[in-house]
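These are my notebook entries on a single structure. I set down what I looked up, entry by entry.

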Amino acid sequence: WKSRFQATTLHMAGDGFKPAARTCHGSPMASVDGSPTSSTRGQFGELKVWLGLIKLDDKFPSQMALQDLLYSANSPSGSAEDADVIAIFLTDLCIDTCRVDAVRHVLKKALRRPEDYIVNEDDDELVVKYIPAQLVQVCDDKVRYVSMSVAVHKRNAARCDPESAFDSIGCFPLPGRLLCKSPRKNLHSPTFKAILAQDVWLKRGDTTISLLLLGANLDTDCKAKLAQLEALQRFLNHRTHLQDPSKSIFVPILWGDFNNRLVAFDALQPHVHRKPSGKYELLESGVELLTGMMSDPCRRAELLQRDSLVYRGKDFAGQTFLTPKCDIKLLDLFDLHMARLGNPEVGALPVPMPSYKRSPLEVMMSKALGCQMRLEEVVCQRQVLVPAVMPDFADLGDAYFGWQEAGVGNQEGKFLQRVIRVEDIADDNEDRKNYYLQCGWPDGVGVHKSCAALCTWDLLSYETVDSIFAFDHLPFRCTLRFEFAPDMPNDGNT
């Protein structure tokens, strides 16, 4: 605590998390005496940021799974190889006495060249040693954590003392912290839906970038999700007000589970059945229509346009879809990945297979074995050595619409992925209902729109990983490339 206090004396006149008294020297772009050279002023150039997400559902994040997520031989653009910043966001992380040591330094142990990086897992002020996690909920015998492990390449790192070794404080001024908890179901205990924030300082020469990495786990309820985004807007307004633009450029990046869904769009009208209970369910013909769209890259891009963030047409009930206020708020705040995905035949970044709602591997294996089983860790497909129990996920009907719960008595269990979700939305004039599929791309990434004047960014990759199995979400990864203007601010310390 004392060393961090000495190194990061804060002042309110500039960046809210910027040191007032210290000079952090960049490496390897510093001069012999440690001061930035004039040739490096404002020449940050390109920045490659790799982001990953696994929704664990209490499963152990194995090193093999993390390495497969980080480094894909089949997708060079999706690899974290030589990235400037690498961050993995994990939800529903279980930390118990049996596995706590294995969870320490999960990112550092998974990196191919850990000696080239500084990780926030080494921060002395973490709640749990070497695990950058925050407790989000304690409910009965279940404890929920979220974690964000971040690595910064040393070419972007700052040092408080040019004679000392690199340390985590130079890149991570504060440990990660929870923001924007959902206000739903919080009368007696906090909800687990929240945003985890980690400040990251990057430095080349005398140019400083202040990244704010925001790992999102947004609520499924539209009103609660709107409250989270309004709280985030309030926080970002505060940070922007404190930020001194003459000293650094502030870049907030949001990624994770945005919990948007595909709308049950108008073409599904003849493929939806209303049950005696009043609930709606997809018919087999509807499954065939959707899987036909999923299987073709061009039609998959068409299906993405039925997402609640961008769809402006009619639903299967014949009413015009009413965009939820939470989705409008998200679009107002962030420049999102959606605009960069599309038909690969016209040069757009291809749309991957939906990340949700995927039939869990353990459910499909239980069905094949005839007994109930549960996987205790995240599993890679190459780990399953008995082909007879490995489900055929190439059958998209089974993969996305074949999960059937156990029936009661003579009644068949419902197909969980075929249920149409109905949500009441009240506006000023009338009560309205929106209809959603249990399917889509809820996992995304966005850059705060305040950055548009100071940098440009491209989405180099946006991928779901169908060879890694946690629960009903496919792991997700993306790569962003930033380019900064040559006249961007310097840190004012020279």
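How do the residues of the lining of the second largest pocket divide into nonpolar, polar and charged? I worked from a predicted model, and I found 7 nonpolar, 5 polar and 4 charged residues in that lining.

**Entry 1: the second largest pocket.** I noted a volume of about 290 Å³ for this pocket. Its lining is made of 16 residues, and those closest to the centre are Val363, Ser366, Lys367, Trp403 and Gln404. I then looked up which helices contribute. Helices α9 (361-369) and α10 (396-401) each supply at least two lining residues. The largest share, 5 residues, comes from α9.

**Entry 2: the largest pocket.** I recorded about 580 Å³ as the volume of the largest pocket. A total of 23 residues line this pocket, and Lys55, Asp92, Arg144, Phe192 and Lys193 are the closest to its centre. I classed the lining as well: 13 of its residues are charged, 7 polar and 3 nonpolar.

**Entry 3: the sheet.** I traced an open sheet of 6 strands with mixed pairing, in the order β8-β9-β10-β11-β20-β14. I asked why one side of β8 and of β14 is left without a neighbour in the sheet. On average, neighbouring strands are turned by 30 degrees against each other, direction ignored.

Strand β10 (residues 207-217) pairs with β11 (residues 249-257) in the parallel sense, over 9 bridges. For Ala216, I found Gly256 as the bridge partner in β11.

**Entry 4: helices on the sheet.** I followed helix α5 (residues 222-242), which lies across β8, β9 (195-204), β10, β11, β14 and β20 (443-448). The helix runs at about 165 degrees to β10. Helix α8 (residues 325-333) also packs on the sheet, where it touches β11, β14 and β20. I noted that the direction of α8 makes about 95 degrees with that of β14.

**Entry 5: His337.** I located His337 in the loop between β14 and β15 (341-342).

Technical notes:
Residues are numbered from 1 along each chain as its sequence is written. This is a predicted model: local features need pLDDT of at least 70, side-chain atom pairs count only at pLDDT 80 or more; totals for chains, interfaces and linings use all residues. Side-chain values use heavy atoms; hydrogens and water are left out. Two strands pair if DSSP finds at least two bridges between them. Helices (H or I, at least four residues) and strands (E, at least two) are DSSP runs, numbered from the N terminus. Axes are lines fitted to C-alpha atoms, for helices over the stretch in contact, and angles run from 0 to 180 degrees between N-to-C directions. Contact means heavy atoms within 4.5 Å. On a 1 Å grid over the protein atoms alone, a cavity is a set of points where a 1.4 Å probe fits but cannot get out, and a pocket is an open set with protein on both sides within 12 Å along at least five of seven lines; lining residues have an atom within 4 Å of a point. Grid points are joined across faces, edges and corners, and a volume is the space filled by probe spheres set on the points. Ala, Val, Leu, Ile, Met, Phe, Trp, Tyr, Cys and Pro count as nonpolar, Asp, Glu, Lys and Arg as charged, and the others, Gly among them, as polar.
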